[in-house]
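Please take a look at the structure below. We will then walk through it together, one region at a time.

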Amino acid sequence: PGTPANLAASAVGPNRIDITWSGSTDTGGSGLAGYRLYRNGSATPLATVTTTGHSDLNLVASTGYTYRISAFDNAGNESALSGPVTATTTAPPTWSTQDIGAVAAAGSFTDNGASLSVTGSGADIWKTADEFRYAYRTLNGDGEIVARLSSFTNTDPWAKAGVMMRESLAANSRFALMLMTPGANGAAFQYRTSTGGSAAPSNSQDGVSTIPRWLRLVRQGNTFSGYTSANGTTWVLRNSTTIAMPATVHVGLAVTSHQARPLGTAVF
């Protein structure tokens, strides 16, 4: 097979690079079988795919990565490697962090470069006012937040860690939250549609999702949708709701231990 052409790499964020190339052809008669993508000079393929693109995930921020590509046919023949292309992941985002509501024990936040650790106490994110630790940025207009929850302290069956969009930093603010619990309750999509109103819905847990788990929260206008995924590419819609939020909201990572004082830590 011929060597794939037009290899290109583009950093999407601090932890992801997208790689694309032009399709190859096979002149030997056995037929093109796919492509092997190599990273940083390794002799072991990073990925073997049949498409002409791949997303390299879980990378380190502010780091350069080099890629080369080959094609192979159904007879086992492999083309020469393409020339290298390099892309550098972006710098990690700047996060703000604070405790929301009348928590009994102060939480904390640590940016570890490749991961984020959020530690929080708090009675719950529920009813008419919340208590939790929040690490956040601002979002104007439509957008989404995607994070992989890799571990979470089991302080309570209803301890919560997840991705949140929130109207304000007040304890009774409107919000949407795609969350995981540390045990049998699994995943849930919860929200408060009016300031000071009761959070909902009750009994929203799926009872099957386990950690590690990818979480995704999407805003389109006033529609907020929560998704889960086992691999970060195939998403399952948990639920959607309509919340009248302003154009600019706080978006980030929320953790409550569901206990007055014990602290729980979630690693994203």
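This is a predicted model: local features need pLDDT of at least 70, side-chain atom pairs count only at pLDDT 80 or more; totals for chains, interfaces and linings use all residues.

Residues are numbered from 1 along each chain as its sequence is written, and side-chain values use heavy atoms, with hydrogens and water left out.

Let us begin with the sheet. Strands here are DSSP runs (E, at least two residues), numbered from the N terminus, and two of them pair if DSSP finds at least two bridges between them. Strand 3 (residues 32–39) and strand 4 run antiparallel and are joined by 3 bridges; Leu 37 stands opposite Ala 47 in strand 4.

Next comes Thr 89, in the loop between strand 7 (85–88) and strand 8 (96–100). Thr 89 is buried, with a relative accessible area of 3% (buried means under 20%, exposed over 50%, partly exposed in between, with a 1.4 Å probe and protein chains only). Its side chain reaches the backbone oxygen of Val 60 at 2.6 Å, and a polar atom of that side chain lies 2.9 Å from the backbone nitrogen of Thr 63.

For contrast, visit Asn 222, in the loop between strand 19 (213–220) and strand 20 (223–229). Asn 222 is partly exposed, at 34% relative accessible area.

Finally, the charged pairs: the whole structure holds 9 salt bridges (a side-chain nitrogen of Lys or Arg within 4 Å of a carboxyl oxygen of Asp or Glu). One of them joins Arg 133 and Asp 99, with the closest N and O atoms 3.1 Å apart. Arg 133 lies in strand 13 (residues 132–140) and Asp 99 in strand 8, so this pair ties together parts 34 residues apart in sequence. Asp 130 forms another with Arg 166, at 2.8 Å between the closest N and O atoms. Here Asp 130 sits in strand 12 (residues 129–130) and Arg 166 in strand 16, 36 residues apart. Asp 130 is buried at 1% relative accessibility, and Arg 166 is buried at 0%. Salt bridges that share partners join Asp 130, Arg 166 and Arg 192 into one network.

Notes
Helices (H or I, at least four residues) and strands (E, at least two) are DSSP runs, numbered from the N terminus. A polar contact is a pair of N or O atoms within 3.5 Å; within protein, one must be able to donate a hydrogen and the other to accept it, and residues adjacent in sequence count only if both atoms are side-chain atoms.
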